[in-house]
Amino acid sequence: MNTIYLSLGSNLGNRDNNITIALNEIEKNIGHIIKVSSQYETAPWGFTSTNNFINIAVEIETDLTPYQLLEQTQKIETNLGRSKKRGDKYEDRTIDIDILLYNNIIIEEENLTIPHPKMQQRTFVIEPLAEIAPQLYHPISCKTIKEIKDELTKV
């Protein structure tokens with residue numbers, strides 16, 4: 001069994017409902033949800049919008065491989081109305097599911113990077129993750145999520 005951590009965010013439509021539906025789909029198609037963080041409301045990161053996000057972090061046990069996991073998260077996003085990204089620009093979305101960590105593995109490929117390459121820069125990812133897994137180690141920085149959070153919030 002593999003332990004994975006995902007970040008979920010929504011800033012379009014009924015955000016609470018989008019998150020709830022995504023969690024139900026994760027339980028059905030990915031694996032058993034162990035922990036879910038509180039909801040954090042945050043301004044968009046990397047683009048301008050009047051729609052704030054609701055963000056959460058989730059710990060899951062799964063039998064899926066990293067590539068199967070990516071396929072399933074993308075299916076859930078599509079089923080919840082997420083449109084394909086246009087270029088490298090961030091935009092409003094009904095649901096966004098990012099793979100943060102998968103056990104302690106490191107993957108750096110064109111379509112899949114684990115740990116998520118920008119997670120350490122994003123308070124909206126680290127705060128919910130620190131709530132459910134403060135002592136978890138980031139396999140590249142070798143810091144705990146709490147240490148990363150403390151560094152982020154000092155700035």
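Leu 6 touches Ile 26, Ile 56, Ala 57, Val 58, Ile 60, Thr 73, Ile 97, Asp 98, Ile 99 and Leu 100, leaving out residues up to four places away in sequence. Keep in mind that this is a predicted model.

Step back to the core. The largest nonpolar core has 25 residues. Within this core, Leu 6, Leu 8, Ile 26, Ile 30 and Ile 60 touch the most other members. Which elements give two or more residues to this core? They are β1 (2-10), α1 (15-29), β4 (53-62), α2 (66-79) and β5 (96-102).

Now look at strand β1. Is β1 largely enclosed or largely open? Eight of its nine residues are buried, so the rest of the structure largely encloses β1. Two strands pair with β1. One of them is β4: β1 and β4 pair in the antiparallel sense, over nine bridges. Find Ser 7, and opposite this residue you will see Ala 57 in β4. The other strand is β5, joined to β1 by six bridges. This pair runs antiparallel too. Here Leu 6 has Ile 99 of β5 as its bridge partner. Ile 99 is also among the residues that Leu 6 touches.

Follow Ile 99 to another residue, Ile 114. Ile 114 sits in strand β7 (residues 113-114). Along the chain, Ile 114 and Ile 99 are 15 residues apart. Their C-alpha atoms are separated by 7.1 Å. Which residues does Ile 114 contact, leaving aside neighbours within four places in sequence? They are Pro 66, Ile 99, Leu 100, Leu 101, Tyr 102, Ile 105, Ile 106 and Ile 107. Is Ile 114 buried or exposed? Its relative accessibility is 1%, so Ile 114 counts as buried.

Next come the charged side chains. Side chains of opposite charge can pair when their charged atoms come close. How many salt bridges does the structure hold? There are seven.

Take Glu 41 and Arg 15. Their side chains meet in a salt bridge, at 3.3 Å from N to O. This pair links distant parts of the chain. Glu 41 lies in strand β3 (residues 40-42), Arg 15 lies in helix α1, and the two are 26 residues apart. Glu 41 is exposed, with a relative accessible area of 52%. Arg 15 is partly exposed, at 22%.

A second salt bridge joins Glu 71 and Lys 75, with the closest N and O atoms 3.7 Å apart. How are these two residues placed in helix α2? They are four residues apart, so about one helical turn separates them. Glu 71 is partly exposed, with a relative accessible area of 44%. Lys 75 is partly exposed as well, at 42%.

Are Asp 96 and Arg 93 buried or exposed? Asp 96 is buried, and Arg 93 is buried too.

Finish where you began. Leu 6 is among the residues that touch the most other members of the largest nonpolar core, and its strand, β1, pairs with β4 and β5.

Technical notes
Residues are numbered from 1 along each chain as its sequence is written. This is a predicted model: local features need pLDDT of at least 70, side-chain atom pairs count only at pLDDT 80 or more; totals for chains, interfaces and linings use all residues. Side-chain values use heavy atoms; hydrogens and water are left out. A nonpolar core is a set of buried Ala, Val, Leu, Ile, Met, Phe, Trp, Tyr and Cys residues joined through side-chain atoms within 4.5 Å. Buried means under 20% relative accessible area, exposed over 50%, partly exposed in between (1.4 Å probe, protein chains only). Contact means heavy atoms within 4.5 Å. A salt bridge is a side-chain nitrogen of Lys or Arg within 4 Å of a carboxyl oxygen of Asp or Glu. Two strands pair if DSSP finds at least two bridges between them.
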